[in-house]
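Reader: I keep hearing about salt bridges in proteins. Could you show me how to read them in a structure?

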Amino acid sequence: MNALYSKTRKSEKHADRQLSSKWNSIDWKSVKESVNRLQTRIAKAVQEGKWNLVKRLHYLLTHSYYAKLLAVRIVTQNRGRRTPGIDGEIWSSATSKMQATLKLTDKHYKSTPLRRIYIPKPGSDTKRPISIPTMHDRAMQALYALALQPVAETLVDKRSFGFRLFRSAQDACQQAFACLAHPNSSQWILECDIKGCFDNISHEWLKANIPMDLSILTQFMKAGFVFEGNLFPTRSGTPQGGLISPLLANMTLDGIEASLAKHFPRMKVHLIRYADDCVITAPSKEIAERLKRIIQEFLIVRGLELSDNKTFITHIDEGFNFLGWNFKKYKGVLLIKPSIKSIQKVIEKVRDIMHKAKAWTQKQLIGELNPIIRGWTNYHKHVVAHEAFARMDFVMWGQLWHWAKRRHPNKGHWWIVDKYWHREGSRNWVFKSDTNKLVLFEDAKVRRHPWLRLDANPFLERNYFIERMDSLKKKNSGVQTKLSFFMHDCPN
């Protein structure tokens, strides 16, 4: 009996080593190129209106071995890769990833309920729900999103920027500037806030309008969630925490632009949308009121509605906030600055780190602060941010001084200065350890963001986007630009 058990264990170990070796030897460039070729064919078929061909190509892609490999790789490199669903399973080894690929099939597929947790909302006493799918369900969503994404990118509203390939919040900001900066531009803005967008999208609308396998889509939507041992059904909305959710939400909201063009064909009415956050320009307050009614009619069919408390009609001279920036005209000149809320948010973040850092070394503190400073300045450095950067440096200096003083309550001011601040070139106050130094907000060079061709399709014009991304990297060395909701697995 022991000999048989030992023989079985050796056989299992040998199989595991084979699977591990197989995963580690994958040529990922070939994998992505193979998947991208199918995605390009899907985009062309959509463009030509050949929906039967689209359906066949979807089947080919979702049953492709390479696409399954890529789907597993996506979820195992995603930020939440170490967070399990209700089955407690994570794919951390090469063997488990290869095994997962071989099990990824639509035959008898049934999604597992999501694990529901609640996390605090930043700057609020309330909590927001987060639902966590199992790794297998995440991989299935990633697989079907690979097939659906070329459809979405081909039919998308041109001024939609959120959760899209090679688009960014900075592109949305640039488009808003183009629509508002001219002296004859529209002066009124409808700020739209969709109430619980991801939670309330109609399942019936999705089933009638999303071109994918209905049985799989239904499984994604009807998975339900488990909280405190109880199972709750989901009757509306997209799968929270799922990779396919942003794509489904975008496709639900696509069409607003065409609807506006139909109602106002010769008027300066422009939509700028980032996921479910959007603004619409209007030449008068009355037109803005009409726009609000049109958007409400568009949304209600999809199970959605505007939030009355958070939907505003604003004149550009009063200013409005969008994606962390404040847009406002000063004596006819449009200036875009970091919003007060965005500034307060980063101040609170820095303050929280300082509070935790009471016993940290200077090196540890600098190591925590630098990524926050670089991330915030990289996001804002294409707008009018000099004043905000200077203010943040002033606030940071005060917090650093309190941190240092608290560590050495019995030492004099100049002793503390000599220990933590040093002279470097023309600067007298450089917060610096033996191995690293704190970067300043004002160190960031303000650069104009390059224009984006709105009608460019990443599956049909790859070279344009590759050249644009190369140019962005050269201008913004060290900046990580979000290419898609798959990040590293967008087309090469």
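This is a predicted model: local features need pLDDT of at least 70, side-chain atom pairs count only at pLDDT 80 or more; totals for chains, interfaces and linings use all residues.

Reader: What is a salt bridge, and how many salt bridges does the count come to here?

Author: The idea is a side-chain nitrogen of Lys or Arg within 4 Å of a carboxyl oxygen of Asp or Glu. By that rule, the count here is 12 salt bridges.

Reader: Which residue does aspartate 171 meet in a salt bridge?

Author: Aspartate 171 pairs with arginine 468, at 2.8 Å from N to O. Aspartate 171 sits in helix H7 and arginine 468 in helix H18, so the pair links distant parts of the chain, 297 residues apart.

Reader: Are aspartate 171 and arginine 468 buried or exposed?

Author: Both of these residues are buried. The word buried is used for under 20% relative accessible area.

Reader: What about arginine 427: where is its partner in the chain?

Author: The partner is aspartate 443, with 2.7 Å from N to O. Arginine 427 belongs to strand E13, while aspartate 443 lies in the loop between E13 and H18, 16 residues apart. Arginine 427 counts as partly exposed because its relative accessibility is 38%, and aspartate 443 is partly exposed too, at 35%.

Reader: Which residue forms a salt bridge with arginine 453?

Author: That is glutamate 461, and the closest N and O atoms are 2.7 Å apart. Arginine 453 is partly exposed at 34% relative accessibility, and glutamate 461 is partly exposed with a relative accessible area of 25%.

Reader: Which residues are linked in a network of salt bridges?

Author: Glu424, Lys432 and Lys437 are joined in such a network.

Notes: Residues are numbered from 1 along each chain as its sequence is written. Side-chain values use heavy atoms; hydrogens and water are left out. Helices (H or I, at least four residues) and strands (E, at least two) are DSSP runs, numbered from the N terminus. Buried means under 20% relative accessible area, exposed over 50%, partly exposed in between (1.4 Å probe, protein chains only).
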